[in-house]
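Reader: I have not looked at this structure before. Could we go through it by question and answer?

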Amino acid sequence: MSKTNEKSSIPVVAASVLAADLAFLAHEVQDVVNGGAQWLHIDVMDGQFVPPITFGANIVAAIGKAVDIPLDVHLMIEQPENHIEAFAKAGANLITVHQEVSPHLHRTLSAIKDFGIQCGVAINPSTPAESIYPVLDLVDLVLVMTVNPGWGGQPFLPRCVSKIESLSQKRDEAGLGFYIEVDGGIQPDSASLCRAAGADVFVAGSYIFKAKDRKSAIGLLQDSISSDNMTSRIN
Ligand code: DX5
Ligand code: ZN
């Protein structure tokens, strides 16, 4: 995905702004872009779907002024359909909504596409992959949460890997091209497990922003998911 709505070459490292030092937001996002992050992941939380409240559309617009890479907006909010327009106009290149809060998922995803940007659907650790099969032909991205959403710095949940495999298999069978993104507890070991299962986009917050040397940390993450280091798919 570029700013012009093309697909990015995979695998992609997306730095999650949630772990940045917000007192220095512009500097922080520029630093990880200079370190090699290909997308920025922006976690929007509403205090309802998940307990914390984080960023609004104004922050997405501010980040868009500071960097020129795709903005991947992850809406952890109830009634996301009421906020699509604001985030699209703020400069989101991709908006992801959660299956768990979207009874009219098809309509909400279509509304995102109507703004000429990419759309994604996210599933929590306890939500089965099959629950989103009916919309797979519509989405640009499936986000498999690898922690329960709400906070950075939680441990990766290995039980989610089998869902990545199922979605990857389904994608192959149906000849579809959506990205499979993983989010939560991602660092080189967990990323390489997810890559082997079929994931293409790797969101990392704490691992990148809390690293002493962010550029080296991003490099290690990229090495762990590069094709050269790929082990066989997990059975
Ligand atoms: C959690 C968020 C994640 C979070 C990941 O609800 O969706 O994007 O930033 O943080 P780490 O990489 O620290 O687990
Ligand atoms: Zn996220």
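Reader: In which handedness of crossing does helix 5 pass helix 6?
Author: The model is a predicted one. In it, helix 5 (residues 161–174) packs on helix 6 with the axes 8 Å apart. The crossing of helix 5 past helix 6 is right-handed.

Reader: Is helix 5 roughly parallel or oblique to helix 6?
Author: The angle between helix 5 and helix 6 is about 30 degrees. Angles under 35 degrees count as roughly parallel. Helix 5 is therefore, relative to helix 6, roughly parallel.

Reader: How many charged residues has the contact of helix 5 with helix 6?
Author: Helix 5 brings V161, I164, E165 and S168 to the contact, and helix 6 brings L193, C194 and A197. By class, five of these are nonpolar and one is polar. Glu counts as charged. The number of charged residues in the contact of helix 5 with helix 6 is one.

Reader: Which residues of helix 8 does helix 6 meet?
Author: Helix 6 (residues 188–197) also packs on helix 8 (residues 214–225), at an angle of about 30 degrees and with the axes 8 Å apart. That angle makes helix 6 roughly parallel to helix 8. From helix 6, the residues P188, A191, S192 and R195 take part. In helix 8 they meet L220, L221, S224 and I225.

Reader: Is helix 1 roughly parallel or oblique to helix 2?
Author: Helix 1 (residues 25–34) and helix 2 (residues 57–66) have axes 9 Å apart, at an angle of about 55 degrees. Roughly parallel would need an angle under 35 degrees, and roughly perpendicular one of 65 to 115. Helix 1 is therefore, relative to helix 2, oblique.

Reader: How many nonpolar residues has the contact of helix 1 with helix 2?
Author: L25, A26, V29 and Q30 of helix 1 touch I59, I63 and A66 of helix 2. The contact has one polar residue and no charged ones. The nonpolar residues number six.

Reader: Which residues coordinate the zinc ion (ligand 2)?
Author: The donor residues are spaced H-x1-D-x30-H-x108-D in sequence. Their distances to the zinc ion (ligand 2) are 2.0 to 2.3 Å.

Reader: What is the arrangement of the donor atoms around the zinc ion (ligand 2)?
Author: For six octahedral donors, the ideal angles are 90 or 180 degrees. Around the zinc ion (ligand 2), six donor atoms subtend angles of 70 to 169 degrees. The arrangement is therefore octahedral.

How values were computed: Residues numbered from 1 in each chain as written. Chains lettered and ligands numbered in written order. Predicted model: local features only at pLDDT ≥ 70, side-chain atom pairs only at ≥ 80, totals over all residues. Heavy atoms only, no water. Axes fitted to C-alpha atoms, helices over the stretch in contact; angles between N-to-C directions. Helix = DSSP H or I, 4+ residues; strand = E, 2+ residues; numbered from the N terminus. Parallel < 35°, antiparallel > 145°, perpendicular 65-115°, else oblique. Contact = heavy atoms within 4.5 Å. Donors = N, O, S within 2.8 Å, 3.2 Å for Na, K, Ca; no water. Tetrahedral: all angles 85-135°; square planar, octahedral: opposite > 155°, others 65-115°. Left-handed = near helix turned anticlockwise from the far one by under 90°.
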